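Hello,

Here is the structure I promised to pass on. Please open it first, then read my notes below.

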Amino acid sequence: MKIIEVKENKKQYLDLLLLADEQEDMVDRYLDNGKMYVLDDNGVKCECVITDCISSN
């Protein structure tokens, strides 16, 4: 099992991203600015994107 940072071609995981956020335009808002990691265990099992949270206060 490996955790891999994805730095390019993040949209290749769009099917998984859309499971968490069903609107592709919303995914596009954070995908380029976030850090993406995938869990590979004889194939990709999950992914996550970590972004900075900006408060509107």
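Tyr-37 has Cys-48 as its bridge partner in E3. Bear in mind that this is a predicted model. Strand E2 covers residues 35-40 and pairs with E3 in the antiparallel sense, over six bridges. Three residues sit between the two strands of this hairpin, and Asn-42 takes a positive phi there, near 60°.

**The cysteines**

Cys-46 is partly exposed, at 38% relative accessibility. Cys-48 is partly exposed too, with a relative accessible area of 34%. As a reminder, side chains in a regular strand alternate between the two faces of the sheet.

**Glu-47**

Strand E3 spans residues 44-50 and includes Glu-47. Is Glu-47 buried or exposed? Glu-47 is buried, yet has no salt bridge. The nearest side chain of opposite charge belongs to Lys-10, 9.5 Å away. A salt bridge would need a side-chain nitrogen within 4 Å of a carboxyl oxygen.

What does Glu-47 touch, leaving aside residues up to four places away in sequence? Its contacts are Leu-16, Leu-17, Met-36, Tyr-37 and Val-38. Tyr-37 is also the residue whose bridge partner in E3 is Cys-48.

Best regards

Terms used
Residues are numbered from 1 along each chain as its sequence is written. This is a predicted model: local features need pLDDT of at least 70, side-chain atom pairs count only at pLDDT 80 or more; totals for chains, interfaces and linings use all residues. Side-chain values use heavy atoms; hydrogens and water are left out. Helices (H or I, at least four residues) and strands (E, at least two) are DSSP runs, numbered from the N terminus. Buried means under 20% relative accessible area, exposed over 50%, partly exposed in between (1.4 Å probe, protein chains only). Lys and Arg count as positive and Asp and Glu as negative; His and the chain ends are not counted. Contact means heavy atoms within 4.5 Å. Two strands pair if DSSP finds at least two bridges between them.
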